[in-house]
Amino acid sequence: MSAEVLNQIIDILLKTYIICVMFSMGLTLTTEQIASQIKRTGLMLKALLANIIIVPLAAAILLQLSSQPNPVVVAIVLVACAPGYAPMLTAWSKGDLAFTAVLMFVLAVVSVVTLPLTASLLLASLGGNISLDPMSVIGTLVTLQLIPLLLGMLVNGWRAELAARLVPIFSTIARIAVVLSLGTILILGFDQITSSIWSALLLMLGLALVALFSGYLLGGPGGDTKRTLALNTVVRNLGLALLVASSQFPGLGAEMVVIAFAFVMYAVAAVATYSWYKEFLKPI
């Protein structure tokens, strides 16, 4: 099978993953849930500050302080500009699940515009010959992220019972799609695992720790919201970063760096979750 065919398969799988994740998310949300959490204006603004400004800014600073090849620069910028979500880790760490659900919605909507614009500005500020077409990415995200999310909410508002039955189906499809896409990327780009990726691991770790602690510090006085924002800031949107990397920078090899970053960020998130989880197991 040719590399061109494999790239087309990766593109289809990543798009399927994003559509299914967004549709599933919409199926679990109601306008009442969103309205109740949006009222927590201060906490929501801090969450946006951590995810949309602090993490991308930290990525730019770390990249300015180190000399990295283009694949690493593109991958770090895209991951930093793609806010994610960690509902399962939030549940294990006894975080605020109601706030997590609405935060996922808000970040998904906002990132349709902030991801391409912020990534474009950062790549331009870092110099080099790499650039991103923000309008093209916005169009892609509206189609793959915003529309499925809103459709899911419409289905939930129309027939909640049907929505509840559809959630596990589309969640399963999303998991299968992302596993297959990651496997295909690893097969296609295994020879692109170079020393530059290994040398960038310390930078990735530094950015993951900045994300974790900025989320924790901005998470308000409550321990549950601190843990919630910490985990939902360190975990970025892997599928979105991979899709933009493969569609906007084909052949660059940024996808392999994104996957390496994913291992680092999930390792940091897992250690934090485990430490908080152990706290709740201690006898009183």
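First, the conventions. This is a predicted model, in which local features need pLDDT of at least 70, side-chain atom pairs count only at pLDDT 80 or more, and totals for chains, interfaces and linings use all residues. Residues are numbered from 1 along each chain as its sequence is written, and side-chain values use heavy atoms, with hydrogens and water left out.

I begin with the cysteines. A disulfide is taken as a pair of cysteine sulfur atoms within 2.5 Å, and a search of the whole structure finds zero of them. For burial, the terms are relative accessible area under 20% for buried, over 50% for exposed, and partly exposed in between, with a 1.4 Å probe and protein chains only. Cysteine 20 is buried at 5% relative accessibility, and cysteine 81 is buried at 4%.

Next, the aromatic rings. Rings of Phe, Tyr and Trp (for Trp, its six-membered ring) pair if their centres lie within 6.5 Å; planes under 30 degrees apart are stacked, those over 60 are edge-to-face, and the rest are tilted. The whole structure contains two such pairs. Helices here are DSSP runs of H or I with at least four residues, and strands are runs of E with at least two, numbered from the N terminus. Phenylalanine 23 is buried at 13%, whereas phenylalanine 170 is partly exposed at 23%.

Why does the pair of tyrosine 216 and tryptophan 276 count as stacked? The ring centres are 5.9 Å apart and the planes lie at 10 degrees, so the pair is stacked. Tyrosine 216 lies in helix H10 (residues 201-218) and tryptophan 276 in helix H13 (residues 254-281), 60 residues apart, so that this pair too links distant parts of the chain. Tyrosine 216 is partly exposed at 31%, while tryptophan 276 is buried at 17%.

Tyrosine 216 has a further contact: the charged end of lysine 226 sits over its ring, 5.0 Å from the centre. The criterion is that NZ of Lys or CZ of Arg is within 6 Å of the ring centre and within 35 degrees of the ring normal.

I turn to salt bridges, defined by a side-chain nitrogen of Lys or Arg within 4 Å of a carboxyl oxygen of Asp or Glu. The count comes to two. Aspartate 11 bridges to lysine 15, with the closest N and O atoms 3.0 Å apart. Both residues lie in helix H1, four residues apart, about one turn of the helix. Aspartate 11 is partly exposed at 23%, as is lysine 15 at 31%.

Arginine 40 and aspartate 96 form a salt bridge at 2.9 Å, N to O. That pair links distant parts of the chain, 56 residues apart: arginine 40 is in the loop between helix H2 (31-38) and helix H3 (41-65), and aspartate 96 is in the loop between helix H5 (87-92) and helix H6 (97-125). Arginine 40 is partly exposed at 29%, whereas aspartate 96 is buried at 12%.
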